[in-house]
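Colleague: Could you show me how to read a helix and some ring pairs in a model like this one?

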Amino acid sequence: MLDAFEPAVARATRWLSACQPGDLVALGGLGRSGKSTWASILREALSRRGQRAVCIPLDAWLRSEPDRSPGHVLGRFDIAAIDAFATS
């Protein structure tokens with residue numbers, strides 16, 4: 001894993017080349033697909049550029065199944081509450 005870290009940070013640095021302070025980077029995917037690993041790599045890449053990054057797990061804003069909006073993955077989350085938290 002350690003041998004793969006630096007190349008992954010280099011790749012993330014390229015992906016984040018247009019990222020400015022205040023931008024939101026969101027990751028999504030299936031369980032155990034590497035989201036937390038990539039969040040850490042992206043945070044490190046931003047940190048090396050002198051930009052502060054915070055990883056916020058969105059599970060706290062996951063709606064119960066009856067409260068979810070149909071048709072899109074974002075309907076599973078309380079987006080208004082996430083936005084309020086992120087901009088406070």
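Predicted model: local features only at pLDDT ≥ 70, side-chain atom pairs only at ≥ 80, totals over all residues.

Colleague: What span does helix 2 reach from its first C-alpha to its last?

Modeller: Helix 2 covers residues 35-48, which is 14 residues, and reaches 20 Å, close to the 20 Å expected at 1.5 Å a residue. Just after helix 2, Gly-50 takes a positive phi of about 85°.

Colleague: Which residues of helix 2 are buried?

Modeller: They are Ala-39, Ile-41, Leu-42, Ala-45 and Leu-46. These lie on the same side of helix 2, because the arc they cover around the axis is only 165°.

Colleague: Now the rings. How is a pair of aromatic rings described?

Modeller: By the distance of the centres and the angle of the planes. This structure holds 2 aromatic pairs. Trp-15 and Trp-38 form a tilted one, 5.1 Å centre to centre with 40° between the planes. That pair links distant parts of the chain, since Trp-15 is in helix 1 and Trp-38 in helix 2, 23 residues apart.

Colleague: Is Trp-15 buried or exposed?

Modeller: Trp-15 counts as exposed because its relative accessibility is 54%, over the 50% cut-off. Trp-38 is partly exposed at 27%.

Colleague: And what do Trp-61 and Phe-85 form?

Modeller: A tilted aromatic pair, 5.2 Å centre to centre and 50° between the planes. Trp-61 lies in the loop between helix 2 and helix 3 and Phe-85 in helix 3, so the pair ties together parts 24 residues apart in sequence. Trp-61 counts as buried at 18% relative accessibility, while Phe-85 counts as partly exposed at 44%.

How values were computed
Residues numbered from 1 in each chain as written. Heavy atoms only, no water. Helix = DSSP H or I, 4+ residues; strand = E, 2+ residues; numbered from the N terminus. Expected span 1.5 Å × (residues − 1). Buried < 20%, exposed > 50% of the residue type's maximum accessible area, 1.4 Å probe, protein only. Arc of directions from axis to C-beta. Phe/Tyr/Trp six-rings, centres within 6.5 Å; stacked < 30°, edge-to-face > 60°.
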